[in-house]
Amino acid sequence: EKEDTTNHFVNERTARYLIQPGDNLYIKVVSLDEKTALLFNPLEKSGGGQNVNDQGIYLNSYTVSDEGNIEFPLAGNITVQNLDVEQIKDRIQTVLDQYLKETVLIVKLVNFNLTILGEVHRPGQYKVYQSKINIFEAMAMAGDLTEFADRMDVQIIRQTKTGSQIIPINLEEARILSSENYFLRPNDMIYIKPLKIKQYGFATFPYALIFSTISTALLLINFFK
């Protein structure tokens, strides 16, 4: 067979993520009129904005309701479902322009969870504080795959509007770099299956055990002679 010498892979997927119910948005209004701007930043009145731990971030964000809305001060419910961060920013800015001039609006997706299970060194749930992360970066967060990981049969379990979808990927194929599943989405679960050999195999060849068995056998033979 011809060897595949391709070393450049195009991945046109952008970091555009559409906000869904349950997501948390950090929204802050910056204005020269601090008193008026404070009306739109009620969560910072008590200094809550200084909390940088997970709990503080959660408390200082807007949670998207099951109907796809956030309740913004003075403006009431604003629909944000199926919009990206820039579109939400434009929509809220239109509301702000009715009350304030010369404002700067900051809108960010607070974080998203990744659950990594199976044959990794540190399985668990991880919070991602960036706009995008790829499958290899996720594996690095979990301490890389173990010796028994089946790299040819990794499963991404993704939540959809109709339920859960299982997406199989092969980490040993270079074309994963150009796959639409190369970048992960919020709340993805990644399961790394174990190799079948794990139930009776060894991570490394057990030289010490074999030599110890041989030595014991020779001693017993010597003794009985």
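These questions and answers look at the salt bridges of a predicted model.

Reader: How many salt bridges does the model have?
Author: A salt bridge needs a Lys or Arg side-chain nitrogen within 4 Å of an Asp or Glu carboxyl oxygen. By this rule, the count is three.

Reader: Which residue forms a salt bridge with D153?
Author: D153 sits in strand β8, residues 149–160. The closest N and O atoms are 3.1 Å apart, and the partner is K193.

Reader: Is K193 buried, partly exposed or exposed?
Author: Buried means under 20% relative accessible area, and exposed means over 50%. K193 has 26% relative accessibility, so K193 counts as partly exposed.

Reader: Which residue meets D188 in a salt bridge?
Author: D188 lies in the loop between β9 (163–169) and β10, and its partner is in strand β8. The pair therefore ties together parts that are 30 residues apart in sequence. The N to O distance is 2.8 Å, and the partner is R158.

Reader: Are D188 and R158 buried or exposed?
Author: The cut-off for a buried residue is under 20% relative accessible area. D188 and R158 are both buried.

Reader: What is the distance between the closest N and O atoms of R175 and E173?
Author: R175 and E173 form a salt bridge. Their closest N and O atoms are separated by 2.8 Å.

Reader: Is R175 buried or exposed?
Author: Exposed means over 50% relative accessible area. R175 has 57% relative accessibility, so R175 counts as exposed.

Note on methods:
Residues are numbered from 1 along each chain as its sequence is written. This is a predicted model: local features need pLDDT of at least 70, side-chain atom pairs count only at pLDDT 80 or more; totals for chains, interfaces and linings use all residues. Side-chain values use heavy atoms; hydrogens and water are left out. Helices (H or I, at least four residues) and strands (E, at least two) are DSSP runs, numbered from the N terminus. Buried means under 20% relative accessible area, exposed over 50%, partly exposed in between (1.4 Å probe, protein chains only).
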